Amino acid sequence: MFFEHEHYRRTKIDDVASSSILDRYIKTLDPNRVYFTANDIQSFEKYRSLMDDFVRTGRVDAIFDIFDVYQTRARTQTEHALALLDENPDFTVDERYYFDREDAAWAADQAELDELWRKRVKHDLLSLVLADKTVEEARDLVRKRYEGRAERNLDFSSDEVFESFMNAYADTLDPHSNYFSPRNADEYNIQMSLQYFGIGASLQIEDEYVTVQEVIAGGPAATDGTLTQKDRIVGVAEGPEGEVVDVVGWRLDDVVELIRGPGDTLVRLQILPAGALPGSATQELPLTRGKVTLENQQAKRDVIDVDRPGGPVKLGVITVPSFYQNYQARAQGDPDYASVTRDVRRHLEAMKKEGIDGVIMDLRNNGGGQLGEAIGLT
């Protein structure tokens, strides 16, 4: 197996590892122990020595069986919680709810799980009431939270289920190994190369609408100048004649996948302009996809003057958001491939010419990246 042969620990994946994989997979699905019951956990025991075999053979039916139980429990408990919101809680009763249940015992049965959720609903309401919300305001906010969580719990693709299991498996080796699904691998490569082919817009979900958060400078959307912040994308069509697909209520990554594509190809967006009410007339915006460079995610430099007892000191500050490298461009011999090591070296040389007295390397928001770049930068 790739993990056994290529991971630095050379860990043998056997029945001992299988037991850890099962425990981590269950924890991935229900970390706070609010969905599964003790009976559910007992029913999973038949897989304890088989998880390593599933990985080797590719037979993953059991992984999806466990996930199906999780989804069923999540749906049942959400429906129970929403029903409880229709009742008036009695805040005068002296009782305790422990929010952190990572090490707690699993609920013995459905009745105990329902009681746990009764206290949880009451806790969530009371927390908001103590934050100066009315009971009705708290009830509406908690209902939205539960409904949103339910939608996320039920909206898993098979790739994401498999990815959750493989990450539980990778976590048995060390806390820094991960498995990426094909889609997340593509996202990782974008973050490392700092470029992709698309329209050049940062998007987010707001009230079921894919909303433009930022138009990226230099991208096709910025060059066209028509797309603006807070515009909502309600439909996407491929090419000049493609049928428009309604994307209201879709997951963000699914919409992004429709919008991105090869360079010099056409994508048509149906736009609900910023501020327009739902149901208003939409506009169609054709855009030709092009290369988008994420310059705001490159290493940056600044020079600051600091007053010290012996006189002012000039300090260079280099912000390194990640250890990025465009591996594909490098392999193709591109002399200008993106590299955090090369960018930092360039910043250091520039600051030397400015006569700085010291350097601060800001890694506070650095999420990691290419190991070779981390070593090269060091």
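Start with the largest pocket, which has a volume of about 1200 Å³. To see what sits around its middle, select Glu187, Ile190, Gln195, Tyr196 and Arg260: of the 44 lining residues, these are the closest to the centre. You're looking at a predicted model, where local features need pLDDT of at least 70, side-chain atom pairs count only at pLDDT 80 or more, and totals for chains, interfaces and linings use all residues. Residues are numbered from 1 along each chain as its sequence is written, and side-chain values use heavy atoms, with hydrogens and water left out.

What makes a pocket here? On a 1 Å grid over the protein atoms alone, a pocket is an open set of points where a 1.4 Å probe fits, with protein on both sides within 12 Å along at least five of seven lines; lining residues have an atom within 4 Å of a point. Its volume is the space filled by probe spheres set on the points, which are joined across faces, edges and corners.

Next, colour helix H9 (182-193), which gives the most to the lining of this pocket, with ten residues. Helices (H or I, at least four residues) and strands (E, at least two) are DSSP runs, numbered from the N terminus. Strand E1 (195-198) and helix H11 (252-259) are among the other elements that each supply at least two lining residues.

Now for some salt bridges, each a side-chain nitrogen of Lys or Arg within 4 Å of a carboxyl oxygen of Asp or Glu. The whole structure has 24 of them.

Select Asp171 and Arg24, whose side chains meet in a salt bridge at 3.1 Å, N to O. Asp171 lies in helix H8 (residues 158-171) and Arg24 in helix H2 (residues 15-29), so this pair ties together parts that are 147 residues apart in sequence. Asp171 is partly exposed at 32% relative accessible area, and Arg24 is partly exposed too, at 31%. (Buried means under 20%, exposed over 50%, partly exposed in between, with a 1.4 Å probe and protein chains only.)

Then jump to Arg143 and Asp140, another salt bridge, at 3.7 Å, N to O. Both lie in helix H7 (residues 135-154), three residues apart, about one turn of the helix.

Last stop: Lys230 and Glu206, a salt bridge at 2.9 Å, N to O. Lys230 is in the loop between helix H10 (220-224) and strand E4 (232-238), while Glu206 is in strand E2 (residues 201-206), 24 residues apart.
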